[in-house]
Amino acid sequence: MKIEIIRETLKNKSLKKEFALITNLISGDSEIFIPGRNLTGMFSKYFDEIEKKFHSNKSGIIENSEIFVQIFKNPIKVIIVGAGDISMYLIDFAKNLNFEIIIVDPRGSFASKERFPDTKIINKWPNEAFNEIETNSKTALVTLTHDPKIDDSALQYALKNNFFYIGALGSKKTHEKRCFRLIEAGFKKSDVEIINGPIGIKLGGKSPSEIALSIISQIVSEKYKNKV
Amino acid sequence: MSNFTEKKIFEEADNWLKKNKRVSLATVVQTWGSSPLGVGSRMIVSEDGNFLGSVSGGCVEAKVVEECISLIKNKKVCKKIDFKVSNENAWEIGLACGGDISIYIEEIK
C-alpha cells in the first residue's frame, strides 16, 4: 500500500468522512472509495459490490474476487452531561474504545480545560448545547449531575431524538422521581422506560472508576444489541 | 477490532516511514469460526521487528511478524497467508481458538 493512501485515510477520519479502503489482494493496489464518487482502473468493475458492502457496513472480501473492502464509519458519539469524577474515568475508557466524547456542563468550574484536557467541552445548559451537537441513532447520552435542572432537559432531548442509549445516574428513588417528572412533561411511560436508571450494569462497585466501568460496559452492550 | 485503532496504527506507520524505516502492514481480511479478532484488524511491523497492533489474540503474531520481515527483505509486494486449524503448522503456531483466519501482508511505500 502506498503511504499516500494511509495519509488520505487518516485525513478522511479526522474530517469525519465515511469511506472505504479497497485493496486488490493480488496486485497490492489500493484506493479510497467515497460514496457518490467513481473508482478508477480495475476497481471500477466492482463498484456495485463495493457500494453494497458500504451500505450494509460489512467489511470483507467481495465474493469470487480478490478485492478486500474495509469500511470506515464514524464512531459512536457519547454525550456526557456533568463534568465530575465519574466523567474523567468514563473519558479514559471511552477513548480506548474509540468513542467520540462531548462533555456538557454549565458549571464552568467543573467542565474546565484543566480538568478535561483534549476533550470537547460545551460550557452551556444542555438545551443550548444541543444546538451545537449533531445527533443521530449512533448517539448515546449519559447524565451524571442528578440535578433535575441540568439533567432533565438533556434526557428530554435524547428521548425525542432517537438516541441508541440513554442512561441517568441516581438511586432507584431518584430515578422514580425523574420518570414521574418526564411523564408529567408529556412523555409516555414506555418512552421513559428506555432510560437506563439507575445507570450501568451491576458490578457491585461504588467508586467513581467502578461506576464509570459499569456505565461504559452498558453502552458497549447496547451498541451491539442495537447493531449501532 | 484490535485495541489499537487504525488511527494509532496508521499514524505510527507514517512516523516509522518518516524515520526511513521499512514497514509492512498486516490485515485480517477473512475469518471463519471463532477467530479472536475481526476482519479489518491490523498490525504494522518494521524491518527491525518492532510491531504495533494485533491480528489475533496473540496466537499468530510471531509468525506474522516473521512473514512481514521476510516480505520486506525479499522485496515482495504482498502476500496472503491462511492460518487454518486443520493445518498442522497452525497448531504449532497455536491458533487454539478453533477458528481460521486469512491475513494479508504488504509493504507500505
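Predicted model: local features only at pLDDT ≥ 70, side-chain atom pairs only at ≥ 80, totals over all residues.

Residues are numbered from 1 along each chain as its sequence is written, chains are lettered from A and ligands numbered from 1 in the order in which they are written, and side-chain values use heavy atoms, with hydrogens and water left out.

Q: What makes the span of helix α8 of chain A close to the expected one?
A: Helices (H or I, at least four residues) are DSSP runs, numbered from the N terminus, as are strands (E, at least two). The expected span of a helix is 1.5 Å times one less than its number of residues. Helix α8 of chain A covers residues 208–225, which is 18 residues, and reaches 26 Å from its first C-alpha to its last, close to the 26 Å expected. Just after this helix, A:Lys227 takes a positive phi of about 50°.

Q: Which residues of α8(A) are buried, and what covers them?
A: Buried means under 20% relative accessible area, exposed over 50%, and partly exposed in between (1.4 Å probe, protein chains only). Among the buried residues of α8(A) are A:Ala212, A:Ile215, A:Ile216 and A:Ile219. Their cover includes β5 (77–81), α3 (85–96), β8 (139–143) and β9 (165–168) of chain A.

Q: How many residues does the contact take from chain B and from chain A?
A: Contact means heavy atoms within 4.5 Å. The contact takes 26 residues from chain B and 26 residues from chain A. Buried area is the accessible area (1.4 Å probe) that two parts lose on being put together, summed over both. Between chain B and chain A this area is about 1,900 Å², and carbon and sulfur atoms give 63% of it.

Q: Why is the pair B:Asp14 and A:Arg7 called a salt bridge?
A: A salt bridge is a side-chain nitrogen of Lys or Arg within 4 Å of a carboxyl oxygen of Asp or Glu. The closest N and O atoms of B:Asp14 and A:Arg7 are 2.9 Å apart, so the pair meets the rule. Across the interface of chain B and chain A the rule finds three salt bridges.

Q: Why does the salt bridge of B:Glu6 and A:Lys13 join two chains?
A: The closest N and O atoms of this pair are 3.8 Å apart. B:Glu6 lies in helix α1 of chain B and A:Lys13 in helix α1 (residues 3–14) of chain A, so the pair joins two chains. B:Glu6 has 6% relative accessibility and therefore counts as buried, whereas A:Lys13 has 22% and counts as partly exposed.

Q: What makes A:Arg181 partly exposed and A:Asp152 buried?
A: The relative accessible area of A:Arg181 is 31%, so this residue is partly exposed. For A:Asp152 the value is 10%, so A:Asp152 is buried. The two form a salt bridge, with the closest N and O atoms 2.6 Å apart. A:Arg181 lies in helix α6 (residues 172–184) and A:Asp152 in helix α5 (residues 148–160) of chain A, so the pair ties together parts that are 29 residues apart in sequence.

Q: Why are B:Glu66 and B:Lys63 separated by about one helical turn?
A: They are separated in this way because they are three residues apart in helix α2 (residues 61–73) of chain B. B:Glu66 and B:Lys63 form a salt bridge, with the closest N and O atoms 3.6 Å apart. A network of salt bridges links B:Lys63, B:Glu66, B:Glu67 and B:Lys79.
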